[in-house]
Amino acid sequence: MRVLEISAQLPFVGEQSVSQRLMYMQADGLITRSDVRRRGTYQLSALGESLAPVHRTLSDWSRAHLPLQTMAEAERVEDALGRLNLRHTTGVIQALGTNGPLRFSHIAEEIGVDRPSARHRLLRMQADGLVGRAGSHHGAPYVLTDAGQSLGAVYATIEHWSEPFTALKTSSSPARVAAATRTHTNVPLTGDGARTAAALRRSAAPNDLFSHATQPKPRVSAAVTARSAPGRGR
């Protein structure tokens, strides 16, 4: 499809924004262009097509755990990504998944940020339905909600998709770079997936939340997490 044809299917996005997004996606290797000089058509590359399973995983997680109104699948995926790609979100989820309930000061120490930054991130994650409090009293430790606990499959999919990027970054051999060309067709995400995987590997502690075979964990009652989570407007 050409830019004008793509824009026609996205009436809520300006043509200039569509053109700029296509430029970024081409630079990231997600799409290819038939002829740059003659305003050729765009199409998904093999790498772009490999994102389909990641999008499905994100959509399935969103539909199962987030109380959202009826929406297009693409919008649901964007909403899920918006909740997960903010700085330190993965670190908080990993810390709680590894250690269980943690108080605010311990979370700030675990993820290595100052307290104001940690407080801001936790408030946003509460509003997004990823964490709650283990009780209603002041200073109650933070816990993962069911939605946060169920992110294991999402992170496993992202990590699997991002493995070739890790190989590209760690290899100095041209032969290995060539061998690291995207071959996965059963798991996906975007460039953010590489950053997520890198964040997961920073911890040496075993973490069943981020393993491919998730383990059952004690859950806080829905009544408790519902009382502790502030409302979130769209």
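In these legends, buried means under 20% relative accessible area, exposed means over 50%, and partly exposed is in between (1.4 Å probe, protein chains only). The model is a predicted one: local features need pLDDT of at least 70, side-chain atom pairs count only at pLDDT 80 or more, and totals for chains, interfaces and linings use all residues. Residues are numbered from 1 along each chain as its sequence is written, and side-chain values use heavy atoms, with hydrogens and water left out.

**View 1. Ser62, tucked into helix 4.** Ser62 sits in helix 4 (helices, H or I, of at least four residues and strands, E, of at least two are DSSP runs numbered from the N terminus). Its relative accessibility is 0%, so Ser62 counts as buried. Skip the neighbours within four places in sequence, and Ser62 is in contact (heavy atoms within 4.5 Å) with Leu68, Arg76 and Ala80.

**View 2. Helix 5, end to end.** Helix 5 has 12 residues and spans 17 Å from first C-alpha to last, close to the expected 16 Å (1.5 Å times one less than the number of residues). Its buried residues are Arg76, Val77, Asp79, Ala80, Leu81, Arg83 and Leu84.

**View 3. The largest pocket.** A pocket here is an open set of points on a 1 Å grid over the protein atoms alone, where a 1.4 Å probe fits, with protein on both sides within 12 Å along at least five of seven lines; lining residues have an atom within 4 Å of a point. This one is lined by 36 residues, with Arg21, Met25, His55, Ala74 and Glu78 nearest its centre. Helix 2 (15–27), strand 2 (42–44), helix 4 (52–65) and helix 5 (73–84) each give two or more lining residues.

View 4. His88 lies in the loop between helix 5 and helix 6 (89–99). Most residues other than glycine have a negative phi. His88, though not a glycine, has a positive phi of about 80 degrees. With a relative accessible area of 26%, His88 is partly exposed.

**View 5. Val131 in the largest nonpolar core.** A nonpolar core is a set of buried Ala, Val, Leu, Ile, Met, Phe, Trp, Tyr and Cys residues joined through side-chain atoms within 4.5 Å. Of the 36 residues in the largest one, Trp61 and Val131 touch the most other members. Apart from this core lies another, of six residues, including Val3, Ile6, Ile31 and Tyr42. Leaving out residues up to four places away in sequence, Val131 touches Val92, Leu96, Leu122, Met125, Gln126, Tyr142, Val143, Leu144 and Thr145.
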